[in-house]
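Here is a friendly note for anyone opening this structure for the first time. Please keep the model open beside you while reading.

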Amino acid sequence: MVMTFVLAACGNSKGSSGNSDEDVEYAIIGNYVYQNADGGNTDEDGVAWYLYIDAETKFHLVGVKNYENAAPSIRIDEGQVVSVNGYSLDCAFVPYQMFTQYLHHGSADEEITSTVKSITQETISEYIDKTGDEFFTIQLNRTSNDVLNSGTFSVSGEGISLGWGSWQ
């Protein structure tokens, strides 16, 4: 599955934290691919994640879980970027109804979507109760000025899974 987003680059300061190349201009807007601690692009649930940041105020996450004998499951989240510190973004969970949309095996399934939203809300509430944080942090590694391939991202914080329980 190929996902393409059209976007515009912004900013012009160089050498900010998160860049791996001095020629890369500072910007958070762009398309990023998830990178785990081992350098791979899937999380502990075997899901590949893609991130699009637009207008420096909104994030869009797409998780794709492939199966051998079935169409992939796709999770789509969007939410607000609350604050930016270099390439570290604090992202809000709420409102839940905008945070999660879920497509299962190539077609929308309202019952599964409702179940996933409920699981997500419970998991996020437990996370907030445990940490006191009403947001999670995405760390960008901008490696390119290419508007369709800006670099990689990871999620900061202990015990955070971008699936928020939905893959169980």
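Predicted model: local features only at pLDDT ≥ 70, side-chain atom pairs only at ≥ 80, totals over all residues.

The points below go through strands, a helix, aromatic rings, salt bridges and the core.

1. **Ground rules.** Residues are numbered from 1 along each chain as its sequence is written, and side-chain values use heavy atoms, with hydrogens and water left out.

2. **Strand β8 and its partners.** Helices (H or I, at least four residues) and strands (E, at least two) are DSSP runs numbered from the N terminus, and two strands pair if DSSP finds at least two bridges between them. Strand β8 (residues 135-142) pairs with strand β5 (residues 88-92) in the antiparallel sense, over five bridges. There, Phe-136 of β8 is the bridge partner of Cys-91. β8 also pairs with strand β9 (residues 151-156), again in the antiparallel sense, over six bridges. In that pairing, Ile-138 has Val-155 in β9 as its bridge partner.

3. **Helix α2.** This helix (residues 110-131) has 22 residues and reaches 31 Å from first C-alpha to last, close to the 32 Å expected at 1.5 Å a residue (the expected span is 1.5 Å times one less than the number of residues). Which residues of α2 are buried? They are Thr-113, Val-116, Thr-120, Ile-124 and Tyr-127, where buried means under 20% relative accessible area and exposed over 50%, with partly exposed in between (1.4 Å probe, protein chains only). Seen down the axis of α2, these buried residues fall within an arc of 65 degrees, so they line one face of the helix; the arc is that of the directions from the helix axis to the C-beta atoms. Glu-111, Glu-126 and Asp-129 are exposed on the other side of α2. After the helix comes Gly-132, with a positive phi near 80 degrees.

4. **Aromatic rings.** The structure holds five aromatic pairs; rings of Phe, Tyr and Trp (its six-membered ring) pair if their centres lie within 6.5 Å, and planes under 30 degrees apart count as stacked, over 60 as edge-to-face and the rest as tilted. The ring centres of Tyr-127 and Trp-164 are 5.7 Å apart and their planes are at 65 degrees, so this pair is edge-to-face. Tyr-127 lies in helix α2 and Trp-164 in the segment after β9, so the pair ties together parts 37 residues apart in sequence. Phe-136 and Trp-164 are also edge-to-face, at 5.8 Å centre to centre and 65 degrees between the planes. Together, Phe-59, Tyr-127, Phe-136 and Trp-164 form one aromatic cluster.

5. **Salt bridges.** A search of the whole structure finds two, each being a side-chain nitrogen of Lys or Arg within 4 Å of a carboxyl oxygen of Asp or Glu. One joins Lys-58 and Glu-78 (3.6 Å, N to O), linking strand β3 (residues 58-65) to strand β4 (residues 73-85). Arg-75 and Asp-77 form a salt bridge with their closest N and O atoms 2.9 Å apart. Arg-75 is buried, with a relative accessible area of 0%, and Asp-77 counts as buried at 1%.

6. **The core.** The largest nonpolar core has 25 residues; such a core is a set of buried Ala, Val, Leu, Ile, Met, Phe, Trp, Tyr and Cys residues joined through side-chain atoms within 4.5 Å. Those with the most contacts inside this core include Trp-49, Phe-59, Phe-136 and Phe-153. β1 (30-34), β2 (48-54), β3, β5, α2 and β8 each supply at least two of its residues.
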